[in-house]
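Biologist: I am new to this structure. Could you show it to me and take some questions?

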Amino acid sequence: MEFSPDFSLAALRESLGHLSAEEHGFTHLDLERAPQAEGRLSGWILSAKDLNDVAGMPTTMGHAQRTYLPEFSDPFIERLEQQGARIVGKSAAPELGLRVDTEPVGLPHPDNPLYPGKTPGGSSGGAAVQVARGLLRAAHASDGGGSIRVPAAACGVVGFKPSGEELAVQGFIARTVDDAAFLHELCPRTPRARVGVLVDPLFASTAVAPHMLQAVKEAAQVLEGQGFETVSISPYPQADETFQAFQRLFMRKLAKLPETTGYAEWIRQLGMQVSNAEHAAAREHAAQLPALLAEYWQVDAILTPMLAYDPPRRGAFTSLPHQENFDEQTRWSPWGSLFNVAMLPAVSIPWKVPDHPPVGVHLGGITLDDAELLGLAKVLHP
């Protein structure tokens, strides 16, 4: 693939010289780190999320006091390097990736390039900042409840969550759908698809900003103009059960961690209260969810807003008591975690609205596979 000189190492070095840590979103930089191999990703310059190990680079897990120096890279990162990608640093994330903002403890909090003073979203917020500022063509990210798609929407870039076998998956934030597909070794295929348009929040009661609704309406009109059938749909009856399953799966993962403090300890305590039977029931609900959604909605994909309203100021979530913090995060993005529980593919793509930064429109596959969903996304973001 051809590469723009804008994404060269020299251009990155020049840009970083003019930016603060809050502006560039890195928690660690090593511009001298050489590529580990030659391959299909040779020429790509990427960052790794600071929840994932890169051999020889400090991992903070979103808290300065958690910092350690790993000897080996995580398998996903190692594969990128084996394919020729150059990993030049770590991107900021909140502690243990537990929130949809990016405010790591004891480390700089990235600022949103589109909304100065506001959160870039999270938990892959540092990655989104780097791509949105044009520092990187793409950045490694991960998504366990919207953590790729929320910051992508908040920063006006592309965030693709692939399908998987667990709640959380590895992926990328990128500037184009084609770049996301290439990094995942996918070839987008335009499907014959019936698309459900859902603007009512699924997992929280909240007002949706008019420009978010307008973006979805315009995106649906584009799909219709390209020959796709769109239908208005409503939340499915088992949505509350799905969100309960999400919470149990998400929180149970932290139950075995050592005792900690703050929001992470609150999540850990809730996770410890999830019984084996409740956890098994949540997994069973997740396994049945794709078929349930396909039968109830009778569509191949759904189109929703990604966010209910514009990014709030930095510190807005962490200033709240823990339960309120969690609830407000859900109100900000009341659709995204559906596709984590169902383990189906989903993507947020930027949509231009008048006199306003671009907002994220969200496509989720119901019967579509990853390549088909990206093909549908390309209709909206060619």
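What follows is a short exchange on one arginine, the aromatic rings and a recorded domain.

Biologist: Is Arg33 buried or exposed?
Modeller: Keep in mind that this is a predicted model. Arg33 sits in the loop between β1 (26-29) and β2 (45-49). Its relative accessible area is 12%. Buried means under 20%, so Arg33 is buried.

Biologist: Which side chain does the side chain of Arg33 join in a polar contact?
Modeller: Leaving aside neighbours within four places in sequence, Arg33 is in contact with residues including Val54, Met57, Ser73 and Glu81. A polar contact of 3.0 Å links the Arg33 side chain to one partner. That partner is Glu81.

Biologist: How are the rings of Tyr236 and Trp297 arranged?
Modeller: A search of the whole structure finds 11 aromatic pairs. In the pair of Tyr236 and Trp297, the ring centres are 5.4 Å apart and the planes stand at 85°. Planes over 60 degrees apart count as edge-to-face, so this pair is edge-to-face.

Biologist: How many residues apart in sequence are the parts that this pair ties together?
Modeller: Tyr236 lies in the loop between β8 (229-232) and α8 (239-252). Trp297 belongs to helix α10 (residues 276-297). Tyr236 is buried at 2% relative accessibility, and Trp297 is buried at 5%. The parts they tie together are apart in sequence by 61 residues.

Biologist: What kind of aromatic pair do Phe246 and Phe250 form?
Modeller: Both lie in helix α8, 4 residues apart, so about one helical turn separates them. Phe246 and Phe250 are buried. Their rings are 5.5 Å centre to centre, with 25° between the planes. Under 30 degrees counts as stacked, so the pair of Phe246 and Phe250 is stacked.

Biologist: Over which ring does the charged end of Arg99 sit?
Modeller: One aromatic cluster includes Phe246, Phe250, Tyr263 and Trp266. The charged end of Arg99 is 5.9 Å from the centre of a ring. Elsewhere, Arg40 lies over the face of Phe182, at 4.4 Å from the ring centre. For Arg99, the ring is that of Tyr263.

Biologist: What does UniProt call the domain at residues 29-176 and 265-374?
Modeller: Residues 29-176 are 16% helix and 19% strand, with the end C-alpha atoms 24 Å apart. Residues 265-374 are 45% helix and 21% strand, with the end C-alpha atoms 37 Å apart. The UniProt entry is unreviewed, and it names the domain Amidase.

Terms used: Residues are numbered from 1 along each chain as its sequence is written. This is a predicted model: local features need pLDDT of at least 70, side-chain atom pairs count only at pLDDT 80 or more; totals for chains, interfaces and linings use all residues. Side-chain values use heavy atoms; hydrogens and water are left out. Helices (H or I, at least four residues) and strands (E, at least two) are DSSP runs, numbered from the N terminus. Buried means under 20% relative accessible area, exposed over 50%, partly exposed in between (1.4 Å probe, protein chains only). A polar contact is a pair of N or O atoms within 3.5 Å; within protein, one must be able to donate a hydrogen and the other to accept it, and residues adjacent in sequence count only if both atoms are side-chain atoms. Contact means heavy atoms within 4.5 Å. Rings of Phe, Tyr and Trp (its six-membered ring) pair if their centres lie within 6.5 Å; planes under 30 degrees apart count as stacked, over 60 as edge-to-face and the rest as tilted. A charge sits over a ring if NZ of Lys or CZ of Arg is within 6 Å of the ring centre and within 35 degrees of the ring normal. UniProt positions are given in the numbering used here, feature names are shortened, and annotations may be inferred rather than shown by experiment.
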